[in-house]
Structures are given as C-alpha cells and as structure tokens.
Amino acid sequence: MAGSSDDLCSMCLSPAKKSSGICSRETCPSDFPRLQNPFSPSHLAKTLWLFTESDFATFVIPDTAFGIFGALSGPLLSENHHPNLFQVLGRLPAVILWNWSNLLIFDLANQQHPESVLEDKVNKPWRPLPSGRISMAQTQHMILIAIPVVLVLNYYLGAWEETALLFVLTWIYNDLGGGEDGFVIRNTVIATAFSQYNKGSLRVATQGGFTVKPDTWCWLVMTSAVIATTMHVQDMKDQKGDAIKGRRTVPLVLGDSKARWTIAVPTVVWSIACPAFWRLSPSLDLIIDF
C-alpha cells in the first residue's frame with residue numbers, strides 16, 4: 001500500500017523505495033535528464049510549446065484556417081453578408097490563441113500518464129516529460145491551474161461552450177480510455193473534437209456574431225467525417241510507440257499496407273464529395289473576375 005505523497009516518485013507518481021527515495025519502476029522517467037527551475041518564464045514558455053508542438057500543425061493551423069475562411073465566406077457559413085477582410089484578419093491572433101489554449105489542455109492531460117511518457121520516449125523523446133523538463137506531479141498541478149484559466153479566457157474570446165465540450169471530450173479520450181479502446185471510438189472522439197475546434201474558431205473569428213445555419217452544421221459534420229476516416233494517417237509513423245502502449249490503431253490492427261488503402265480511398269472520395277457539397281464547378285468560371 002502506497003504511503004504519503006512524500007513516498008511517491010515526483011516524476012511518475014509511483015511508490016518510491018523508502019530506503020532510497022528512488023522510484024520502484026524499472027522504466028521510470030526519472031531516469032531521464034532533468035533541467036532545473038522548470039517554472040522560470042523562459043523555460044515554462046518553451047515547455048508549454050513543446051507540449052503542443054507536434055499537434056500544432058494538425059489542430060491549430062487547420063482549425064484556425066476554418067474559422068478565418070469561414071468568417072470571410074460571409075452568408076455561406078455565417079449571418080454576416082458583407083465581412084470586412086481586415087476586421088476578420090484582425091481576429092487571427094484571437095483564433096490562434098483559442099485553438100492553442102484548448103489544445104494545451106488536451107496535450108497536458110494526454111501526456112501526463114506514465115504509459116504516455118514511455119511511449120513518447122520512443123516516438124517523441126523531445127517532449128517535456130520524457131526529456132525531463134518537467135515532472136508528472138508538476139504537470140498535474142499545471143492542469144489544475146490551466147483548466148479554469150483557459151475556460152475564463154475562452155469565455156472572453158466568445159466560445160466557452162465549445163471549450164467546455166472539448167474538456168469533456170478530453171476526459172473521455174484520456175481518462176475513460178476513449179483513446180485506447182480501438183480506432184473506431186478513438187477516431188470518433190477526435191472527429192467530434194474537431195467539429196468543436198472548427199465551430200469555436202468560426203465563433204471567435206466572427207466575434208460570436210453568427211447563428212449555426214443548416215449548411216454550417218452540414219459542413220461541420222462533413223469536415224469531421226473527413227477527419228474520422230483519414231486521421232489515422234498520423235498513426236503510420238507512430239507504430240512502434242503505439243505498440244508499446246498497446247494501442248489498437250489502424251496500422252497495427254489491419255497492417256501497414258491495408259491501412260494505407262484506408263487512407264487513400266477516403267481521400268479520393270472526399271475530394272469529390274466536398275466540392276460537390278458546395279456545388280462547385282470545375283470550369284474556368286471559378287476564376288475571380290477582377
């Protein structure tokens with residue numbers, strides 16, 4: 001039976017040997033090099049960035065683009081029939097901040113578990129926990145502080161409802177096993193999260209001034225379906241670490257070759273279905289007339 005918190009390893013929160021204070025886990029991340037003063041401003045800023053770096057291009061950039069271009073589309077996705085280019089672009093930092101802050105909560109929750117640290121030691125050894133920049137206990141304290149801060153921040157940015165739902169999805173994915181119970185559940189949870197990232201981005205980009213129209217809902221569902229059926233492309237490069245953690249990802253369940261076909265075929269289908277939804281023509285009439 002574990003003793004007090006003083007008897008727990010500060011890196012992985014497993015029981016430590018009372019005689020030496022050393023963690024009893026043979027593969028504890030405390031073996032990794034550790035830097036001093038993890039909460040100095042410069043060190044903390046880099047640590048927060050490293051938590052989210054690998055997901056920035058797959059979450060923040062496309063979701064920000066959805067919000068900005070959706071706001072500029074005017075009546076197609078919002079009730080603003082005459083969007084002002086410079087006003088919308090002026091919201092770009094706010095949209096990026098909204099996406100990044102929500103991503104930070106997910107990544108902190110996702111990367112704090114001992115099994116995740118061991119997986120990242122193989123797949124992404126530069127992340128804060130496997131590289132020893134911060135301990136698991138410190139990461140948990142950071143989550144406790146970050147959740148209310150992000151919720152209040154996003155209340156002022158105008159999209160707190162989406163943030164609240166993203167917190168629930170983060171809990172389902174990381175703490176209820178949604179990310180581990182097979183690729184169908186995992187892809188569904190992440191696709192649902194993408195719908196909220198996109199919807200929240202659009203709300204922030206329009207300064208909250210839009211009602212979700214039927215076409216907007218349909219487009220949100222369609223883009224989420226694209227994610228659900230193709231997002232396992234990112235699992236192709238992580239097979240070794242996923243196998244260590246016991247994840248049942250598409251390439252590990254179906255095999256590498258079949259998994260590539262399950263990405264290629266939906267990509268072709270959606271490349272036809274998405275333009276068809278907006279009734280776009282392949283003719284030269286699409287060229288803007290200056």
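This note covers the aromatic pairs and salt bridges in a predicted model.

1. Aromatic pairs overall. Nine aromatic pairs are present in the structure.

2. F59 and F194. These two rings form a stacked pair, with 4.7 Å from centre to centre and 25° between the planes. F59 belongs to helix α1 (residues 41-72) and F194 to helix α7 (residues 183-205), so the contact ties together parts that lie 135 residues apart in sequence. Both F59 and F194 are buried.

3. The ring cluster. F59 and F194 also belong to a cluster, linked by ring pairs, that includes W98 and Y197.

4. W219 and W278. This aromatic pair is edge-to-face, at 5.5 Å centre to centre and with 65° between the planes. W219 sits in helix α8 (residues 214-230), while W278 is in the segment after α11 (256-277), so the pair joins parts 59 residues apart in sequence. The burial classes of the two residues should be read separately. W219 has a relative accessibility of 15% and counts as buried.

5. Salt bridges overall. The structure contains three salt bridges. Side chains of opposite charge can pair when their charged atoms come close.

6. D120 and R127. The side chains of D120 and R127 meet in a salt bridge, with 3.0 Å from N to O. D120 has a relative accessible area of 5%, so D120 is buried. R127 is also buried, with a relative accessible area of 5%.

7. E162 and K199. A salt bridge joins E162 to K199, and their closest N and O atoms are 2.7 Å apart. E162 lies in helix α6 (residues 160-174) and K199 in helix α7, so this bridge ties together parts 37 residues apart in sequence. E162 counts as buried at 1% relative accessibility, and K199 counts as buried at 11%.

8. E162 and R203. E162 forms a salt bridge with R203 as well, the closest N and O atoms being 3.0 Å apart. Here E162 in helix α6 is paired with R203 in helix α7, so the parts tied together are 41 residues apart in sequence. R203 has 15% relative accessibility and counts as buried.

9. The charged network. Salt bridges link E162, K199 and R203 into a network.

Note on methods
Residues are numbered from 1 along each chain as its sequence is written. This is a predicted model: local features need pLDDT of at least 70, side-chain atom pairs count only at pLDDT 80 or more; totals for chains, interfaces and linings use all residues. Side-chain values use heavy atoms; hydrogens and water are left out. Rings of Phe, Tyr and Trp (its six-membered ring) pair if their centres lie within 6.5 Å; planes under 30 degrees apart count as stacked, over 60 as edge-to-face and the rest as tilted. Helices (H or I, at least four residues) and strands (E, at least two) are DSSP runs, numbered from the N terminus. Buried means under 20% relative accessible area, exposed over 50%, partly exposed in between (1.4 Å probe, protein chains only). A salt bridge is a side-chain nitrogen of Lys or Arg within 4 Å of a carboxyl oxygen of Asp or Glu.
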